[in-house]
Amino acid sequence: TLLRGDLDWIVMKCLEKDRTRRYETANGLAVDLQRHLNNEPVMARPPSSAYRLRKFVRRNKLTVAAAAAIVLAILLGIGLATVELFRARAATALANDNFRQARAAVEDLLQISDERLKDQPGLQPLRMELMKAAIDRYEPFLAQPIFDPTPREELARLYARYGQIMLERTEVFDQSVMDQFEKARRIQEQLLREHPGDRMLRANLGWTCILEEWRPHDIPPRPEQVGRQAIQIFRSLVAQDPGDPFARDDLVWALWRVTRYLAHDEA
C-alpha cells in the first residue's frame, strides 16, 4: 500500500539491495522516467493488465472518451428498446386479454340467439341485429396487434353465419348476401396463405363455398364453380386423413349440394 504510483516504484528499483534488480545504467532510469511522463507503462512495476489499461486510457483520453460515449449511447439505446419491448408485450397481452373477454361475451350472445330465437316467429329481425352487433364488436380487434389468427377466424365465421341468416330470412340470394360470404372467403383465403396446413381453416373455407351456392343465383362466382371448389377442398382433407368422419361428412354435403347445377349424368 506504500508503493503508490510509478515514481514510488522507480525509486524503490533504484534502492534495491540486489544489484541485478536495479537499473543497469543511468540511461535506463532516464528512459523509465520518460515513460512515466508519457503515460506509458514503466519497467519498474509489475505489468498487470489493469495497469496497462490505465496507461492506455491516459495516453488516449479523447479516443477513449469518444468510444465510451458511443458505447454509452448504444447501451442507452438497447435499454430504451428493451423498455419499449416490454411495454409492447404488456400492451399486446392486455389486448389479447381484452379480446378473450369480448369474445366470451360475443359467444354467449350468439348462443342465446341460436338456441332461443332461431325458431321463434317474429324474432328473426332481432336475431339479425344481435348477429350484426357481434360483428361490429369483433371488427375493431383486427386493427390491434394480435398475432393469434383466432380473431380473424371468428370474424370470418360470423360473416358467413350472418349471410346465411339473411338468406334464410328472405330466401333471396342477392348481392348483400354474397357480400357477407365474400368477406368470409377473403379472410379465410388470407389465413390459409399464412397457415396452409390448418385443416379447420380449409374446412371453414369449404363451407363458405357451400353457402355461396346454397341457392341458385347469377352473382359471381357462379354456384357450380364454388361448389366444385368445396368438393376439391373436402376431397383433399379426406385424402389427407381418410379416418376423419367430419371431413367425409362435409364432402357428402358438398357433393349433394352441387348436383343441382350439373348435367344429369354427372349429377
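This is a predicted model: local features need pLDDT of at least 70, side-chain atom pairs count only at pLDDT 80 or more; totals for chains, interfaces and linings use all residues.
**Cut-offs behind the labels**

Reader: Why is Q180 called buried?
Author: Q180 has a relative accessible area of 10%. Buried means under 20% relative accessible area, exposed means over 50%, and partly exposed lies in between, with a 1.4 Å probe and protein chains only.

Reader: Where does Q180 lie, and what does it touch?
Author: Q180 is in helix α7; helices are DSSP runs (H or I, at least four residues; strands are E, at least two), numbered from the N terminus. Contact means heavy atoms within 4.5 Å. Leaving out residues up to four places away in sequence, Q180 touches Y159, A160, Y162, G163 and M166.

Reader: What makes A160 buried rather than exposed?
Author: Its relative accessible area is 8%, so A160 is on the buried side. A160 belongs to helix α6 (residues 150-170). Beyond neighbours within four places in sequence, A160 contacts Q180, F181, A184, T208 and L211. Between A160 and A184, 24 residues apart along the chain, the C-alpha separation is 5.8 Å.

Reader: Why is E189 called partly exposed?
Author: E189 has 26% relative accessibility, and therefore falls in the middle class. E189 sits in helix α7 (residues 175-194). Apart from residues up to four places away in sequence, E189 touches L205 and Q229.

Reader: What makes the group around L75 a nonpolar patch?
Author: I70, V71, I74, L75 and I78 make a nonpolar surface patch of about 480 Å². Patch members have over 30% relative accessible area and no salt bridge; nonpolar side chains (Val, Leu, Ile, Met, Phe, Trp, Tyr) are joined within 5 Å, like charges within 9 Å. A salt bridge is a side-chain nitrogen of Lys or Arg within 4 Å of a carboxyl oxygen of Asp or Glu. Accessible areas come from the Shrake-Rupley method. L75, in helix α4 (residues 61-117), is exposed because its relative accessibility is 53%.

Reader: How many disulfides are found?
Author: Zero, from a search of the whole structure; a disulfide would be a pair of cysteine sulfur atoms within 2.5 Å.

Note on methods. Residues are numbered from 1 along each chain as its sequence is written. Side-chain values use heavy atoms; hydrogens and water are left out. Accessible areas come from the Shrake-Rupley method with a 1.4 Å probe; for residues, only the protein chains shown count as cover.
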